[in-house]
Amino acid sequence: MDFVDVNESNARWVQDFRLKAYASPAKLESIDGARYHALLIPSCPGALADLASSGSLARILQHFRSESKPICAVGHGVAALCCATNEDGSWVFQGYSVTGPSVYELVRAPGFAHLPLIVEDFVKDAGASFSASEPDAMHVVLDRHLVTGQNASSTAPAVHSLIFLCGSREWPAWPLHVQLCLAVTGTGWFQGKEGRPVPTRPCPVQWHAKLNKVQMAP
């Protein structure tokens, strides 16, 4: 994983981070969606820039949609769903009920005028139904195999819904305790305290999904 703006103030954080199990994620273009039972896209600001137009992620989402595999996208991560279109240009989630960051939440950000995509507008224009609660309120929408959360505050209930879907579906070849969930994050997901570096490309990470928890795979 590559970083930008590494200096003396954050070099130690980079060094510690590289020792973590998730410091060497697979490249998104190398992912075979057929190997995974569920897909998780957490709230990551970079999704608006690099995942919303990712052909590699579009291929994965098309597979998950055709197989009705559980998908969960939260906050800014919902923008990543926008990349998945059919050959005729229609959105693969047309007709679904979806939530995500509302315009009222986004407009408070300093860079609102420069956002490449407004999820609420895209969803409505693409023929899907969009709903949102009050700004920063917890709000989750479950429609068939798709779970979406309005913002980062909705992460816990959204992931719980994803795990519920994993537990309620019968998998022909995999017992529940070895189901694999693919977590895809855009650049910016690892951004923490001011001065910490940010990964410069999307970072898919493998997770094991269990009925009552989600844990990082070794």
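These entries cover rings, charges over rings, a helix and salt bridges, all in a predicted model.

**Entry 1: aromatic rings.** I searched the whole structure for aromatic pairs and got three. For Trp91 and Phe93, I found ring centres 5.5 Å apart and planes at 75°, so I noted the pair as edge-to-face. The rings of Phe93 and Tyr96 also pair edge-to-face, because their planes stand at 90°, with 5.5 Å between the centres. I then asked which residues make up the aromatic cluster. Trp91, Phe93, Tyr96 and Phe122 form it.

Next I checked burial. Trp91 and Phe93 are both buried, and Phe93 has a relative accessible area of 0%. Tyr96 comes out at 1%, so I wrote it down as buried.

**Entry 2: helix H3.** I listed its buried residues: Ser56, Leu57, Ala58, Ile60, Leu61 and Phe64. At the start of H3, a side-chain oxygen of Ser54 comes within 3.4 Å of the backbone nitrogen of Ser56. Just after the helix, Ser68 has a positive phi of about 55°.

**Entry 3: salt bridges.** How many salt bridges does a search of the whole structure find? I got three.

Arg108 pairs with Asp136 at 2.9 Å, N to O. This pair links distant parts of the chain, 28 residues apart: Arg108 is in the loop between H4 and H5, and Asp136 is in the loop between S4 and S5. Arg108 is partly exposed at 49%, and Asp136 is partly exposed at 43%.

Glu120 and Lys124 meet at 2.9 Å, N to O. They are separated by about one helical turn, because they sit four residues apart in helix H5. Glu120 is buried at 14%, whereas Lys124 is partly exposed at 45%.

Arg144 turned up again here, in a salt bridge with Asp143, with the closest N and O atoms 2.9 Å apart. I noted Arg144 as partly exposed at 46% and Asp143 as buried at 14%.

Key:
Residues numbered from 1 in each chain as written. Predicted model: local features only at pLDDT ≥ 70, side-chain atom pairs only at ≥ 80, totals over all residues. Heavy atoms only, no water. Phe/Tyr/Trp six-rings, centres within 6.5 Å; stacked < 30°, edge-to-face > 60°. Buried < 20%, exposed > 50% of the residue type's maximum accessible area, 1.4 Å probe, protein only. Helix = DSSP H or I, 4+ residues; strand = E, 2+ residues; numbered from the N terminus. Polar contact = N/O pair within 3.5 Å; in protein donor to acceptor, adjacent residues only side chain to side chain. Salt bridge = Lys/Arg side-chain N within 4 Å of Asp/Glu carboxyl O.
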